[in-house]
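I opened my notebook to write down what I looked up, one item at a time. Here is the structure I had on screen.

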Amino acid sequence: MGKISAPRNNREFVEACVKSGDAVRIKQEVDWDNEAGAIVRRCCELGEAAPFMESIKDYPGFSYFGAPLSTYRRMAIALGMDPASTLPQIGAEYLKRTNSEPIAPVIVDRRDAPCKENILLGDDVDLCKLPVPLVHDGDGGRYVGTWHGVITKHPVRGDVNWGMYRQMMWDGRTMSGAVFPFSDLGKTLTDYYLPRGEGCPFATAIGLSPLAAMAACAPSPIPEPELCGMLSGEAVRLVKCETNDLEVPADAEIIIEGMILPDYKVEEGPFGEYTGYRTSPRDFRVTFRVDAITYRNNATMTISNMGVPQDEGQLLRSFSLGLELEKLLKSQGIPVTGVYMHPRSTHHMMIVGVKPTYAGIAMQIAQLAFGSKLGPWFHMVMVVDDQTDIFNWDEVYHAFCTRCNPERGIHVFKNTTGTALYPHATPHDRKYSIGSQVLFDCLWPVDWDKTNDVPTLVSFKNVYPKNIQEKVLNSWADYGFRGAKK
Amino acid sequence: MANKWEVFVMDLAELAEGKELELTIRTLNDGLHKYTYQRAKVEVSSKLDQFADSLQVRLGRGQLSDRKFSIRVIERVERLPERYR
């Protein structure tokens, strides 16, 4: 693999985005109380440049970087690619890098760790010293973690997990967060810490390098520090925490250390989420007690403002869920031609292209998809044939509306795993992460006669001889039509 | 100076008047600690001049209620076990 020149930290990423016109510097003072959130939200809805807010009311020296990865252009920049790269090109690069050899992180001395430039311990610890924004009016609180990594470690297996679990500031020393029971951290808590009544050490890293954030967001089986190394082509620099044995990205802007309490919970939520709704009820949730805060000089807090499309939660999660499912299906020998999740589905619909070479292939795909670790994050799988462009919604929608038999093509899976965030789920199902899922089989049945039973697609590309197509295309302007030939 | 508070409830009936309640309330006073929570024993009244402090109410999904209250914070309740303080 050739040398990768991806931004190594959030500051290099901001600079690269400003240089390419994919971020704007906002010099005027911005209020952390709703105004910053409103700016980021509008940028997401307009597909605008990312706002780098250099002056925050009440918090001199701090800055915000909003909507860091809510466009494919910024995703390409994060990977060190041309911002104009297409989605299939970005996806191919992701697959190439994540199929390479894992790159182990390196531990650096704390003197070489910018995240240690300021250290708050003991009575100095107060989350209110950080510019924690009120992201949406009406949220249950100011959210510390919206684009970050919560770092934990399984005490027996040693698995390190960087996960993006939203975290709300409850008071100056306490955060609460949504940790689903099927998530890596949720399993670690229920498997080990909660039965023993032991606190679970954690560290929240904010202002990560964009590829570290991408790793934290990706549902990959590869441990996130190694995955980040594979994505960036070099070892991630880690440094030991001040108050526990966890290791955190040395170049992160802000680190919050502490303990997840096994027997004490405070309220969390509601919060505007990636589904485009405030769905999950306010409830007593996993509670994080803070023991230390460390941060860089002039630290930048990253903000994701989730809501209606499109934000980085939708974009990046769709991207990585699709590609991880593609890897899974190919590992099982299924002749998939591609997997794509449109971000505007708020990562709820998986579109799978496949060569329909045997009966039941769509069902096999759905069973693998829903039965995998990825499954709780989406509830619709649509399987189309290899002649349908999965990236072209017009083609996919046409296939769905015409080939999916209402009686034989729609298969509902009941009593599966869901999330508390599904807007369509009942309050009871949300509370207990009970899901239901559906397969839309848009393949022609393999036992239909291909000559006499399978309908012929009537399109310019499919029904006219090549020579006629070429003649019409070459004469298009001469006929008097405007527009380039296609 | 009067304080401004906010509470989240699923149902306005949770804010019974004429009795002591234990609620999780957050401060709306301007400053660095705005929106931080505390647990407290309180008394609320729909008569806005009954108590010095004001209470704003939000419902389950963050909707702002048009019902306003005055509130008296009787005492703070510390639920956090001693071993974690």
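My entries on this structure follow.

**Ground rules.** I am working with a predicted model, in which local features need pLDDT of at least 70, side-chain atom pairs count only at pLDDT 80 or more, and totals for chains, interfaces and linings use all residues. Residues are numbered from 1 along each chain as its sequence is written, while chains are lettered from A and ligands numbered from 1 in the order in which they are written.

**The sheet.** I looked up an open sheet in chain A and found 4 strands in the order β1-β2-β3-β17, with mixed pairing. Its edge strands are β1 (23–26) and β17 of chain A, each pairing on one side only. From one strand to the next, the twist averages 20°. For the terms: strands (E, at least two residues) and helices (H or I, at least four) are DSSP runs numbered from the N terminus, and two strands pair if DSSP finds at least two bridges between them.

I then checked β1(A) against β2(A): they pair in the parallel sense over 4 bridges. Arg25(A) has Phe52(A) in β2(A) as its bridge partner.

**A helix across it.** Helix α1 (residues 10–20) of chain A lies across β1, β2, β3 and β17 of chain A and runs at about 100° to β1(A). Such angles run from 0 to 180 degrees between N-to-C directions, with axes fitted to C-alpha atoms, for helices over the stretch in contact. Contact means C-beta atoms, placed from the backbone, within 7 Å.

**Helix α2(A).** How far apart are the end C-alpha atoms of α2 (residues 35–46) of chain A? They are 17 Å apart, which agrees with the 16 Å that its 12 residues should span at 1.5 Å a residue; the expected span is 1.5 Å times one less than the number of residues. I listed its buried residues, among them Ala36(A), Ile39(A), Val40(A) and Cys43(A). What covers the buried residues includes β2 (50–53), β3 (63–66) and β17 (300–303) of chain A. After the helix comes Gly47(A), with a positive phi near 65°.

**Glu93(A).** I found Glu93(A) in helix α4 (residues 87–98) of chain A. Leaving aside neighbours within four places in sequence, Glu93(A) is in contact with Leu79(A) and Met81(A).

Terms used
A residue is buried if 20 or more other C-beta atoms lie within 10 Å of its own, exposed if 12 or fewer, and partly exposed in between; C-beta atoms are placed from the backbone. Two residues are in contact if their C-beta atoms, placed from the backbone, lie within 7 Å.
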